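Hi,

Here is the structure I promised to pass on. Have a look at it first, then read my notes below.

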Amino acid sequence: EASYNITDEITLRLEARYTEEDRDINRLTDIFGLAAGEIGYGEGVFGDVAIESTIVVQEDDETFDYFTPRISIDWAWSDDNMVYAYVAKGVKSGGFNNSTSTADLTYDEEENWTFELGTKNVFFDNQLTLNGALFYVDWSDMQGQLSPTVQSQNSNVVVGNIGDATNLGFEIESTWRFNTEWSIDLGYTWIDPEYDDANYDAAQRYYYYGCPLDVIPDEDPNNPGEPFLCGDTNVDGNQLARTSEHMAIGAIN
């Protein structure tokens, strides 16, 4: 981290971090309590049946390394008012799944670049605090829950890299201290998070979203033994799951 005072009012800051993360996993037992390669027996419709362990890879390891810089500039033209801008890169590390499909056992890092322009202010002899910010976030390889490539009792969902996303928004917050005992807090946030260049391939494998057929065959007639894939996997423009466009807060203290 380094900072440089361009003038008495303007400060430039440069920050950088390099991370190398080693992760490993040892899958001891599956949902049936069976270790890798172990065979158990359970009761079926026609008597005892052999159950083979669903662990396909017992031990796994991955190394995730990434560089995360941040550049910011502050302009404090008075003791009570400032404007700032920054750009920063963030990373969420990859990891492991439990699945009978080797394609689903690991997933990669998620990255984003955040751009923010904001201001922080106090007025009327510190009675009023008023802050605001405009921001834009550009995600790549976003992590999310997916149906596994191969359905099994060992994994109902897995974590995967489902594609890219963007988020544009602004927020404003204020505190009014109208005497020595009471204050009011008000805040509002608007965001517009959307998938961008993202493909939710589970829609084609299991949900058949947008498929024009009323009845979906179990297997592809042109490729016996292979699943019949039908539907629209493109989720571009859809709002990110578990997000709210409008958020507000009000409090009396």
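Let's start with helices and strands: they are DSSP runs numbered from the N terminus, with a helix being H or I over at least four residues and a strand being E over at least two. By that count the protein has one helix and 13 strands. Going from the N terminus, the order is β-β-β-β-β-β-β-β-β-β-β-β-α-β.

Before you go further, keep in mind that this is a predicted model, where local features need pLDDT of at least 70, side-chain atom pairs count only at pLDDT 80 or more, and totals for chains, interfaces and linings use all residues. Residues are numbered from 1 along each chain as its sequence is written, and side-chain values use heavy atoms, with hydrogens and water left out.

Now the overall shape. The C-alpha atoms fill a box of roughly 85 × 45 × 40 Å along the principal axes. The radius of gyration (taken over C-alpha atoms) is 26 Å, while a compact globule of 253 residues would be near 18 Å, going by the rule of 2.2 Å times the number of residues to the power 0.38. Buried residues (under 20% relative accessible area; exposed is over 50%, partly exposed in between, with a 1.4 Å probe and protein chains only) make up 32% of the 253.

Next, salt bridges, meaning a side-chain nitrogen of Lys or Arg within 4 Å of a carboxyl oxygen of Asp or Glu. The whole structure has five, and here are some of them. Arg70 and Glu15 meet at 3.2 Å, N to O. Arg70 sits in strand 5 (residues 59-75) and Glu15 in strand 2 (residues 10-26), so this pair ties together parts 55 residues apart in sequence. Lys92 and Glu110 form another, at 3.9 Å, linking strand 6 to strand 9 across 18 residues. Which of these two partners is buried? Glu110, at 8% relative accessibility, counts as buried, whereas Lys92 is partly exposed at 46%.

Phe124 is in the loop between strand 9 (110-123) and strand 10 (128-146), and counts as exposed at 54%.

Cheers
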